[in-house]
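Below are some notes for a colleague who is opening this structure for the first time. Please read them with the model on screen.

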Amino acid sequence: MTRKIRLGAFLPGGGQHIASWRHPDQPADGAVSFEFHKQLALTAERGLFDAYFLADGLAVGFGGAREGGNARVAGFEPVTLFSALAPFTTHLGFIATASTTYEEPYNTARKFASLDLISGGRAGWNVVTTTGDATAQNFNRDQQLPHADRYKRAAEHVDVVKKLWDSFEDDAFIRDKETGVFFDPGKLHDAAHKGEHFKVKGPLNVSRSRQGHPVIVQAGQSDDGRGLAAATAEVIFTAHQHIETAQEFYRDIKNRSRGLGRNPDHILIMPGVSPFVGRTEEEAREKYDRLTSLILEEDGIGLLNGLTGGTLDLKGYDLDGPLPPAPPTEGMKSRQALIRQIADENNLSIRQLYQWVASARGHFTIVGTPVQIADTLQQWFENEAADGFNILPPWLPTGLNDFVDLVIPELQRRGLFRTAYEGRTLRENLGLPFPINRYAADRQVVQAAE
């Protein structure tokens, strides 16, 4: 089958750009409007997106930020939201975020297995370790765990969740009303896990779905994050400003996965892209400039305070001067380094920096026509920089409509994107293999040996 671009849609109801809620086209209460999220899901499915993706935090404003103009200060818990949205769609996948640091594996496994059943096999789990002291203080801690410790816990957490998802074999349920046999007890298995961070007996009290289990997604870019992704992820969201760094990441992950005995074709790497689409370059630039003009200074400063690690308060600095040095923290180390790289490479002032990252927080922003945007996506896709892209429309619903109505037809015209869904599950549409239940696989090995 001809390789196609995969597309995720990152659609927070409050908008992606820090000032998007102030735009006349965006509902001011979009972050907590179910009807608005339903509209977005239907548009994404009309555009044949693989999945609706939502990041999530466990503190006010994604890490404790309380700037008055930030619409992301509060919103829905994503698994709950997606469970409600799933019945309104038939093909669109739903990738929700859950934390390996502040959740127990059994709870994580249970809620995502439930979403997978409710959606008919269209669920994905975005694995995050969760940063920030503000979050830690909501979970009986004063400070966040060290970066390395979070990733060690995450690796074990994912392992336990996958064991729990295999509790019931795919054909365990007989449901024979005549004999009264509901399920085969021989095809129900304990996780029986004892590790450094978790002790979980199991089994899980939710069965597998038609796609086996949810797609595992990861977004870390540090060395620890790359290691976890290469070992466990099936889809990787990543942030790059240049094709060269995207290629380095792409090749590194594929090589690491190959070294771990995995098929690198079964790991899809999808950089984030925030497109400002115009029928002309001038129209695209006008859209960018209009949204930029709505940023409040205090919100821009608050955004940078968070993205640089939270130890540097920029309120007292000249906004038209350079970004001062900031010591690395135990938070999102790769994102802190990326923000510094953007500032230094482009010689941006503090004001220019927050204006540039306001739309995508370090992901690649493109301002241009459908042809120009398609040219960039095609270049990355065909040159070992991406298997697809996570699209971050700057404001909603217009930014999503622009991409669906203008860019997707151009990608289809070039034969780079589907014209119809390939299947009904998220795995089928992503081209990922069905995960064989480990216990059924072991039985097949034993039977073959006999």
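1. Helix H1 (residues 34-46) and helix H3 (residues 78-85) have axes that come within 10 Å and cross at roughly 65°. Axes here are lines fitted to C-alpha atoms, for helices over the stretch in contact, and angles run from 0 to 180 degrees between N-to-C directions. Helices (H or I, at least four residues) and strands (E, at least two) are DSSP runs, numbered from the N terminus. The structure is a predicted model, in which local features need pLDDT of at least 70 and side-chain atom pairs count only at pLDDT 80 or more, while totals for chains, interfaces and linings use all residues. Residues are numbered from 1 along each chain as its sequence is written, and side-chain values use heavy atoms, with hydrogens and water left out.

2. H1 and H3 are therefore roughly perpendicular to each other. On the scale used, angles under 35 degrees count as roughly parallel, over 145 as roughly antiparallel, 65 to 115 as roughly perpendicular and the rest as oblique. The crossing of H1 past H3 is right-handed; a crossing is left-handed if the near helix is turned anticlockwise from the far one by less than a right angle, and right-handed if clockwise. On the H1 side, Phe34, His37, Lys38 and Ala41 meet Leu81, Ala84 and Leu85 of H3, where contact means heavy atoms within 4.5 Å. The contact of H1 with H3 has five nonpolar residues, one polar and one charged. For these classes, Ala, Val, Leu, Ile, Met, Phe, Trp, Tyr, Cys and Pro count as nonpolar, Asp, Glu, Lys and Arg as charged, and the others, Gly among them, as polar.

3. H1 also packs against helix H14 (residues 398-413): their axes come within 10 Å and cross at roughly 15°. H1 and H14 are therefore roughly parallel to each other, and their crossing is left-handed. Leu40, Thr43, Ala44 and Arg46 of H1 meet Leu400, Asn401, Val404 and Asp405 of H14. By class, this contact of H1 with H14 divides into four nonpolar, two polar and two charged residues.

4. How are helix H7 (residues 223-232) and helix H8 (residues 243-259) packed? Their axes are 9 Å apart, at an angle of about 50°, and H7 and H8 are therefore oblique to each other. The crossing of H7 and H8 is right-handed. In H7, Asp223, Arg226, Gly227, Ala229 and Ala230 meet Glu248, Phe249, Asp252, Ile253, Arg256 and Ser257 in H8. The contact of H7 with H8 has four nonpolar, two polar and five charged residues.

5. Two cis peptide bonds deserve a check. One runs from Gly202 to Pro203, with omega near 0°; Pro203 is in the loop between strand E8 (199-200) and strand E9 (215-218). Another joins Leu396 and Pro397, with omega about 5°, and Pro397 is in the loop between strand E13 (388-391) and H14.

6. Thr130 is not a glycine, yet has a positive phi of about 70°. Thr130 lies in the loop between strand E4 (123-128) and helix H5 (133-136). Most residues other than glycine have a negative phi, and most peptide bonds are trans.
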